Amino acid sequence: MIVRSSVPSPFGRKVKMVAKYLGVYNALTIETADTNNPDDTLRQQNPLGKIPVLILDDGRKYYDLARHLRISRFQSRWPHPAPDRK
Ligand SMILES: N[C@@H](CCC(=O)N[C@@H](CS)C(=O)NCC(=O)O)C(=O)O
């Protein structure tokens, strides 16, 4: 799975954080995207031109991701940060 994102993106960070909680972070390849570059393939992956975008191995693409992640569900189950979270 690929996540198109950038280091400073708070939405990208949210997706990475949930992936760590779910234990799937190591299955992700993080690919930097440049939202200001019209030639970046990002616009083919997300017509909104926004990050993050999750691209599954079968090519399916999901965007507007961060909005739908409910961190509170994880927090209610694990009230403290996971031990491996730094
Ligand atoms: N609702 C989107 C928000 C994503 C978003 O706004 N990302 C910012 C970067 S943190 C972005 O791509 N901005 C570029 C732009 O608006 O052109 C989500 O949940 O993923």
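Helices (H or I, at least four residues) and strands (E, at least two) are here DSSP runs, numbered from the N terminus. The structure is a predicted model, in which local features need pLDDT of at least 70, side-chain atom pairs count only at pLDDT 80 or more, and totals for chains, interfaces and linings use all residues. Residues are numbered from 1 along each chain as its sequence is written.

The protein contains four helices and four strands, and along the sequence these follow the pattern β-α-β-α-β-β-α-α. Of its 86 residues, 16% are buried, a residue being buried if 20 or more other C-beta atoms lie within 10 Å of its own, exposed if 12 or fewer, and partly exposed in between, with C-beta atoms placed from the backbone. Two residues are in contact if their C-beta atoms, placed from the backbone, lie within 7 Å. Among the contacts with a separation of 6 or more, 57% are between residues 24 or more positions apart.

The C-alpha atoms of Gly 59 and Met 1 are 58 residues apart along the chain and are separated by 9.0 Å. Gly 59 is exposed, because 7 other C-beta atoms lie within 10 Å.

The ligand is surrounded by Ser 9, Pro 10, Phe 11, Thr 35, Gly 49, Lys 50, Ile 51, Pro 52, Asp 64, Leu 65, Ala 66 and Arg 67. Helix 1 (10–22) and helix 3 (65–68) are the elements that give two or more residues to this shell, and helix 3 supplies the largest share, three residues. By class, the shell has six nonpolar, three polar and three charged residues; Ala, Val, Leu, Ile, Met, Phe, Trp, Tyr, Cys and Pro count as nonpolar, Asp, Glu, Lys and Arg as charged, and the others, Gly among them, as polar.

Two places in this shell deserve attention for their backbone geometry. Most residues other than glycine have a negative phi, and most peptide bonds are trans. Ile 51 and Pro 52, however, are joined by a cis peptide bond with omega of about 5°, and Pro 52 is placed in the loop between helix 2 (42–45) and strand 3. Asp 64, although not a glycine, has a positive phi of about 60°. Asp 64 belongs to the loop between strand 4 and helix 3, and counts as exposed because it has 12 C-beta neighbours inside 10 Å.

Definitions and conventions. Near = placed C-beta within 6 Å.
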